[in-house]
Amino acid sequence: ANAAAAGFGRGSRGGGSAGRVVACRASPPLTRSLSSAAAGSSRVQGRRSWGGEGRRPGCFRWREGADTKSTRCLTPEASAYAPSQQAQESAGGSSPAGRGATHPRGVAAGAEEEADQRRARAAAGGVGASGNDSGVKRPQHIAVIMDGNYRWALERGERGEAGHEAGIGALRKLIECAVDFGVRAVTVYAFSADNWKRGEGERHFIFNLFETCLQTEIGNLLQNDVCIRFIGKRGELSPSLQQLMAQAERATRGNEAVHLTVAINYSAREDIAAAAQALAREVQAGKLGPEEVTEGRLEQRLSTQVIPEAFRQPDLLLRTSGEERLSDFLLWELAYTELCFTRVKWPDFNEETFLEAMEVYASRDRRFG
């Protein structure tokens, strides 16, 4: 869990993301296409990019600050993308790859080549997003444990807080990808109840980062039709942060493209216990009989009731940085969720990481049993 969840619009910091997805790789070749998963979404058509600059449907741009460094398209017309730039890259021109440097988001040349191969496989499949004629499987709800900020910073000889700051851009990229792919809900683990064990200085930095970003990013949320909600124990947070959280919820209440749920001071075990206590009080008051305490009634009292019922249960859980555990996150809701773990640390999360996860999900045969 980390502080990235409050920062939806700042530029990300550079860094290597040579880590690979582990424990969730698809069996190549994946013949079903992700190419029109973005282009097929009605929410994408005419949408402006997160930074306010127009972009073609199905295209993603890596940025450092306000500068657009590269564009990659997932649509079948990707072959028409900037042929002069492709030739320049092949000749070792001015593009980042041509200079022999890492990708703008830090992906090494080998990883970039593999990513291009994935796009080629996707385009060759000629199949689009769920909801159109193609029928590719696409998750409606993605849950993310944003892990690895602190280690990312220490590996670079920086203070741990720099990792939290760098993770802001990763969340921005996640939401941008979700909007373009028609993912309806994203739930992120920003600060767990266990994170109170961290040092006072780090906690202070994280909460200040939350407050700063909640004040600056409402415009981006509104522009991109993102509805934000928070789950977790608010009463233990500062009054100023609670006020900003409530303001953000009110301002984005009517938005529908993506339902972003941010877990702050959250514990799934505590959430389930609180729901059970609420039912126990109703039984004690004679409003319910013991036999009327059902799974459905307990679920109705969980904090995740703020997520629309149609896509309340996550279809896919992604955890970064190589750890393979749930860490008290959405324990009830993840009962039948597909799990994906990657060694990529959260600040290095980018479109390539997202695409790998989408490809993995499309390859899974969900049996719910």
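## An aromatic cluster

Phe191, Trp196, Phe207 and Phe210 come together as one aromatic cluster in this structure, which is a predicted model. Within the whole structure, a search finds 10 aromatic pairs, and two of these pairs are described below.

## Tyr189 and Tyr266

The rings of Tyr189 and Tyr266 form an edge-to-face pair, with 6.1 Å from centre to centre and 80° between their planes. This pair links distant parts of the chain, since Tyr189 belongs to strand E5 (residues 185–192) while Tyr266 belongs to strand E7 (residues 258–266), and the two residues are 77 residues apart. Both Tyr189 and Tyr266 are buried.

## Trp196 and Phe207

Trp196 and Phe207 form a tilted aromatic pair, in which the centres are 5.5 Å apart and the planes make an angle of 40°. Trp196 lies in the loop between E5 and helix H6 (200–216), whereas Phe207 lies in helix H6 itself, so the pair ties together parts that are 11 residues apart in sequence.

The two partners can also be described by their accessibility: Trp196 has a relative accessible area of 29% and is therefore partly exposed, while Phe207, at 13% relative accessibility, counts as buried.

## Helix H6 against helix H8

Helix H6 packs with helix H8 (residues 239–251) at an angle of about 35°, and their axes are 10 Å apart. The crossing in which H6 passes H8 is left-handed.

On the H6 side, the contact is made by Phe207, Phe210, Glu211, Leu214 and Gln215, and on the H8 side by Ser240, Leu241, Leu244, Met245 and Ala248.

Key. Residues numbered from 1 in each chain as written. Predicted model: local features only at pLDDT ≥ 70, side-chain atom pairs only at ≥ 80, totals over all residues. Heavy atoms only, no water. Phe/Tyr/Trp six-rings, centres within 6.5 Å; stacked < 30°, edge-to-face > 60°. Helix = DSSP H or I, 4+ residues; strand = E, 2+ residues; numbered from the N terminus. Buried < 20%, exposed > 50% of the residue type's maximum accessible area, 1.4 Å probe, protein only. Axes fitted to C-alpha atoms, helices over the stretch in contact; angles between N-to-C directions. Left-handed = near helix turned anticlockwise from the far one by under 90°. Contact = heavy atoms within 4.5 Å.
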